[in-house]
Amino acid sequence: MTLSTVAEAKTAKVLGARLGVYPDKTRFVIDLDSEVDYTYFLLPDPFRIIIDMPEIDWSAPPGKVTSGGGLISGLRYGLFKPGTFRVVLDVSKPALISKIFTLPASGGKPNRLVIDIAPTSRDTFMAASRESMAAYSARQRNDTSVTEKSEDVAVETGKTTGPRKPLIAIDAGHGGVDPGTIGVGGIYEKDITLAAARELAKVLTDSGRYRALLTRDKDVFLKLRQRTEIARKNHADLFLSLHADSISDPNHRGASVYTLSENASDKEASALASKENKADVIAGIDLSEENSLVQSILIDLAQRETMNLSSNFATDMVRELASDVKLQQRTHRFAGFAVLKAPDIPSALFEMGYLSNPTDAKLLQSPAHREKMAKAILRALDDYFKTHKF
C-alpha cells in the first residue's frame, strides 16, 4: 500500500477537513499542521475505506464532511489504539482510492492529505479489499511496536498490600473511532461512559472496600473481545459495562440493567444487543492475529453459575438504583451482548439512560448525577458481596 515517506516525531494537528464532489470522483482532504504517515485498507459489507495514521490531534470540527457527500456516506475518526489514529470513510457503493498523496504547506495553505475515491465494481472492490487486508496483516505481524497490549489500556485504582479486596472491572462503552450514540446537543456516548466510569472507580476506591479496573481511561477504541480479555487477565471479580442508549422517541427515558441471554427479553433488548455487537464493524477491524479468547467466549449456556451470579447482581443494582434514578419498566433485561460473555466473571451492562431524551442527556452530563449512580452501584456491590464470596 502507498505510504508517505515523511515521518513526523511530533503529534500532527488537524486544522480541518473538506469534501469535493466531481463527476468522476469524490475528493476528501484533511488539512494538517505537519505531514503524517498513512496506510489504508478496504472493507466490504458495508463498504468502507480505513485510513490509519500515527496519533494525531483532531479536535477541529469536521464541517460538512460528517453529513457525507458524493461517494462518502459517513465519516468517523478517533484513536483506534495507542499509537494509531483511524479514519473510517463509509462509501455508498463499491469505490477505490484512485489517488492518495500529501501536499506540503505552500502559498498560505497548510499540509494536506488528499484522498481521491472513484466508483468501481463489486468484484474489483473485493479483490482490492483482499489484497489490502493481506498487506495490512503482514505489516501488523512484522511491526511488533503496533501490537496492542491490554496493559497499555487498562488502569487499576485502589491497589493495596493488605487483605485482597474485590476487583471490579468497569468498562466505559465505545471510544476512539467508535463514538456510540450521538445524543441531544451532539454529546457522544463515549464521553458520557468514560466520565461515568471514572466517577464509579473513584467512589469504589474511596470506599476502601474495592479495587477498580478501568478497561479504558482515555478516548481509545477497544474491541469487544478485548474488553472482557482485560477483565479476565486481571482476575476481576465482577464486570460492569456502562452505556447510554438512544431511540427515535425523544420522550422515552430511564435506565435499565442487562445480563446475558441468547434469547432477548423483548424486541428492544434484541435490537440494542445487535447494535452494540457491531462496534468492531463500526471501527474497522484489526486484522492482527486473534487469540484463544475468541473461542472461549463461545459459552456453553449450561454454565449456569456465572449467569445466575450476574442475574443476582443485576437484581441488587435495580433495587439500589430505584431510589435515585429513573428506571424503565422491566428494568432487568436479557440480551446476547458480546461484552457479557466471559464464562467465569459475573457480568452486567448498565444502560444509564437515553441520550435522545433531553432530561436524561442533561442528567448524564451532571457530575452530581453520575456520583449518585455510582453510590447506588456501590451499595449494590456491598449487597452482592455480602451474599457471594469472591
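Two strands are taken to pair if DSSP finds at least two bridges between them; strands (E, at least two residues) and helices (H or I, at least four) are DSSP runs numbered from the N terminus. The structure is a predicted model, in which local features need pLDDT of at least 70 and side-chain atom pairs count only at pLDDT 80 or more, while totals for chains, interfaces and linings use all residues. Residues are numbered from 1 along each chain as its sequence is written, and side-chain values use heavy atoms, with hydrogens and water left out.

Seven strands form an open sheet with mixed pairing, in the order 10-12-11-13-16-14-15. Strand 10 (155-157) and strand 15 (327-335) are the edge strands, each pairing on one side only. Within the sheet, strand 11 (residues 167-172) runs parallel to its partner, strand 12 (residues 211-214), and the two are joined over four bridges. Leucine 167 has arginine 211 of strand 12 as its bridge partner.

Helix 3 (residues 224-233) is mostly covered, with eight of its 10 residues buried, where buried means under 20% relative accessible area, exposed over 50% and partly exposed in between (1.4 Å probe, protein chains only). The buried residues of helix 3 include Leu224, Arg227, Ile230 and Ala231. Histidine 235, which follows helix 3, has a positive phi near 60°.

Proline 250 lies in the loop between strand 13 (238-245) and strand 14 (255-260). Proline 250 is partly exposed, at a relative accessible area of 43%. Leaving aside residues up to four places away in sequence, proline 250 touches Ser356, Asn357 and Pro358, contact meaning heavy atoms within 4.5 Å. The C-alpha atoms of proline 250 and asparagine 357 are separated by 4.7 Å, although these residues are 107 residues apart along the chain.
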